[in-house]
Amino acid sequence: MDFIQLLASGLANGCVYGLIALGFVLIYKATEAVNFAQGDFMMLGAFICVGFANEDFLGWSFWTAVPLSIFFMSVFGYLFNWGVLRHMFGRSQTAIVILTIALGFILRFAAGTIWSHEPVSLETPYAGKDVSFGGVVLGIDEILGVIVTIILTISLFIFFSKTKLGLAMQAASQNQLAAYYMGIPVKRIQSMVWGLSGAVAAVAGILFASKGAIDPSAGLLGIKAFAAAAIGGFGSLPGALLGGLIIGIVEPLSSRYAPPGVSQIAPYAILLVVLIFRPGGIFSQTQKKKV
Amino acid sequence: MRFVFKTSYDADINWFKHKTQAFWYFVLFALMLALPLYFYFLSDAYLLGEITSVMIFAIAAMGLMLLTGHTGLPSLGHATFMAMGCYLNVIYLNLGVPWLLSFVLAGATAGAVGTLIALPVLRLHGVYLALATLAMSILTGDFIVILEPWTGGISGLAVPDISIFGWEVNKYANPYRFYYVVLIIAIVIIMAYRNVLRTPLGRSFTAVRDSEISAQAMGINLTVTKSSSFFLSATTAGLAGALFGHSAGYVTNETFDVVMSITLLMMIVIGGLGFIHGAFFGAVVFGIIPVAIANGRSLLSTSFDININIPGLENGMFAVILIAFILFEPMGLYGRWLKIRTYFELFPFYRKDMFRRQKAYLKTERVQ
């Protein structure tokens, strides 16, 4: 029973990791840039929602706050690519890595200045309620997290395989030049992918903040999600979710059953093992580069 | 305007390009040698201690510069190698190894362990290396806690004094001696660095940075080159870590955290990627900014009665400066200095695009 309880809460955590990792992978696939600030995007999305919904701030209805914060995060992602990252075209990956790390610092600083460094929790209509299935007690927030992740995954899948825009995004990420020749506005598509990834990060942030408290340094969670993305294989959307679930489940189980200290190490240890033995991740997509 | 007429092949790899350059470096050397005298007469060695720690960070940044600036491999885990160097140095010292030997051994062991860790990842491209080193950097604190019998874990470890053939050096008892020890080590490392860059190995570092495929086509063994670069880089960082330990006097599991790794990376970017000078410029900037912010704050509160007390302001400012540098001055402070110098050297003939990269294309690692 204990085991199932841990598994369920791990699953809910894993969904948040998986969603952040999904954001990384979207950006990486589309632009080959690695967004080290994705965790901070998640944090910012959560804080924007807190700013709209909590009584201490604006105190609007939760159901208006959620779409508004998702919208603001996608605008933020779009503008960041449009205003900053696009001008980095042709520069080394190191420069982009450092740039996004610096962006993370700025977002952390901004969130801390606007909403204070104290941990806050998102006030939701369903806070504190839980359901019990034959001895296993699950919070509504946890169940909702899993359901939202499943819905989001399915709709993203349909979006990428059925809609024109989704297909254009796929084309632009597979071969920019060919996509450009086909009349796809690659630059705008890339900004849109950033916007999409910002929206996904906002959803992850809202799920995270409704489950527990969030503070500006919560963005460091992104590093775990990063490990999740790499475990799954950097270019694979289902891989990112799977990696997130693996890390989410391993964490509570190892802190319960393994000696102390192991649970902090476990996600990164898995990452190192995967990188060493299966360098491309579980869903490996790396191929040999030709001259 | 100076034109260096090269009459021998050595002119390309000489220490100094021309006599004037050599003259200015010797002036700098003499100034650095004489610097403690000034503080001695002032009888206030606080600032000297700050300069010493800037030099220690410059050594660590040189280690990272070799890897990131010259070989093109980003590492987010150089604080780990500093930690290894620091702890190994203390462990050797406590075993009774003389300081000179333990210092060098600590660096070499850190380098060897670092290479062993990085070897499997080096086959992959940049992002994975950044990721693996980041994971390594996060795990450092946890491993220090796990290895408590040797490292002292959370309660920390006291670093013994430096003793070179009976000549005792302690940062607090005698900051002047410590300054000279660090200065000499820094100079030795700069000379070694310069020498590595003019060997075939050093040339292949730059070749790998500029294009892995063409380097391979020229017969360069990628794995050997990358792992040698990693070894040298981690060794240098380990040496810097050992010095940092002596400078701090006491280290715990929280001393070498991720922020320190990222700071090192920020240093070399602000200083100028790909230049030895850049490591020093970056370290100086990171030494000055906190002091400048503190001074500016006290100036505002005393003379204008404005109290700014925003937590995390330093980090936010670092980040803004860093983004500005990446966007507008990718060559860093040293690059800016090069441009200014070239402007005056060529006086009426300097053109705006002189330092522009010839090729700007999407650097892709995928099959196209």
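Predicted model: local features only at pLDDT ≥ 70, side-chain atom pairs only at ≥ 80, totals over all residues.
Residues are numbered from 1 along each chain as its sequence is written, chains are lettered from A and ligands numbered from 1 in the order written, and side-chain values use heavy atoms, without hydrogens and water.

**Stop one.** Select residues 237–257 and 262–277 of chain A, helices α10 and α11 (DSSP runs of H or I, at least four residues, numbered from the N terminus). Their axes come within 8 Å and cross at roughly 150 degrees (lines fitted to C-alpha atoms over the stretch in contact; angles run from 0 to 180 degrees between N-to-C directions). That makes α10(A) roughly antiparallel to α11(A) (over 145 degrees). Show the contact residues (heavy atoms within 4.5 Å): among them are I246(A) and V250(A) of α10(A), and A266(A) and I270(A) of α11(A).

**Stop two.** Select G23(A), in helix α1 (residues 2–31) of chain A. G23(A) counts as buried because its relative accessibility is 0% (buried is under 20% relative accessible area, 1.4 Å probe, protein chains only). Beyond residues up to four places away in sequence, G23(A) touches Q38(A), S197(A) and V200(A).

**Stop three.** Move to helix α8 of chain B, residues 200–210, where G202(B), S204(B), F205(B) and V208(B) are buried. What covers them includes α2, α7, α9 and α10 of chain B.

Definitions and conventions
Buried < 20%, exposed > 50% of the residue type's maximum accessible area, 1.4 Å probe, protein only. Helix = DSSP H or I, 4+ residues; strand = E, 2+ residues; numbered from the N terminus. Parallel < 35°, antiparallel > 145°, perpendicular 65-115°, else oblique.
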